[in-house]
Structure formats: structure tokens, C-alpha cells
Amino acid sequence: MMNKKEILKLAKGFRGRAKNCIRIARERVEKALQYSYRDRRTKKRDMRSLWIQRISAGTRQHNSFDAAACIGFSLANAYLSEGVVESRSLLINGNMDLVVEVLLDAASSWGFLKATTIYP
């Protein structure tokens, strides 16, 4: 349980009586903390979705499926999350060509890429 000073400090910036009446401020602060707890998980979910979309787009530019990149992850011993790969690849000239080529080379060296290649 937080004391009055801590609650009003967290309620700073709220509108109306929610910023200076302790009873209303306590309710608003509790709800705000619930929202922040929930949205931290939603943010991770949204970022993972974005990373997967970007990796998929990068593999499509190389005429391959996203599955080939996933196989390349495991075969290249690249135990990295999609987010790490995506952020690292964006730092390299703003594209994913280098990372996708490494992953697809790893997949093709083991013969997995032949079944997953899209032929234009």
C-alpha cells in the first residue's frame, strides 16, 4: 500500500480531481498501473509481430520463404531472437540483405532451401 505522497506523485499530470483528491487519485493510479502492466506485454507482442513481418519481407526479396530463414537460424547456430536480427540488420545500411543472405546460405548448405525456394 502506498502512502498519500507516493500516490499523488504518481497522479501528477492526471486531469481534474484525479490529481489532487487522494480517494480519486488512488483509484486512477491503480488503474494506470494495471494499464501499464498490460501494455508492456502488448508492446512485446506488437514488436514481435513487426519483426516477423520485416524478416518475412527480407526473405521474400530473396525469392525464398520465411521458413528457410527459420531453418537458417537453427543451422547457423544463430540463437538470436527476431528482434535482435531485425535491429542489427537495420543498422547495416537500413536493409536486411546481409542477414538474410547468411541465413539462406546456412539453409541452402544443408539442402533445405531447394524445397522452399519460390521460382518466379
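**Overall fold and local features of the predicted chain**

Among contacts in the protein chain (heavy atoms within 4.5 Å) between residues at least 6 apart in sequence, 55% join residues at least 24 apart. The structure is a predicted model, in which local features need pLDDT of at least 70 and side-chain atom pairs count only at pLDDT 80 or more, while totals for chains, interfaces and linings use all residues. Residues are numbered from 1 along each chain as its sequence is written, and side-chain values use heavy atoms, with hydrogens and water left out.

The secondary structure consists of six helices and zero strands, where helices (H or I, at least four residues) and strands (E, at least two) are DSSP runs numbered from the N terminus. The order of elements from the N terminus is α-α-α-α-α-α. The protein chain exposes about 8800 Å², of which carbon and sulfur atoms supply 56%; accessible areas come from the Shrake-Rupley method with a 1.4 Å probe, and for residues only the protein chains shown count as cover. Of the 120 residues in the protein chain, 23% are buried (buried means under 20% relative accessible area, exposed over 50%, and partly exposed in between, with a 1.4 Å probe and protein chains only).

Asn3 is located in the segment before helix H1 (4–10). Asn3 is partly exposed because its relative accessible area is 43%. Cys21 and Ala11 are 10 residues apart in sequence, and their C-alpha atoms are 9.7 Å apart in space.

One salt bridge is counted, taken as a side-chain nitrogen of Lys or Arg within 4 Å of a carboxyl oxygen of Asp or Glu. The salt bridge joins Arg38 and Asp39, with the closest N and O atoms 3.0 Å apart. Arg38 has a relative accessible area of 45%, so this residue is partly exposed. Asp39 also counts as partly exposed, at 35% relative accessibility.

Arg40, found in helix H2 (residues 22–61), has 42% relative accessibility and so counts as partly exposed. Together with Arg41, Lys43 and Lys44, Arg40 forms a positive surface patch. Patches are made of residues with over 30% relative accessible area and no salt bridge, with like charges joined within 9 Å and nonpolar side chains (Val, Leu, Ile, Met, Phe, Trp, Tyr) within 5 Å. Lys and Arg count as positive and Asp and Glu as negative, while His and the chain ends are not counted. The place of a charge is taken as NZ of Lys, CZ of Arg, CG of Asp or CD of Glu.
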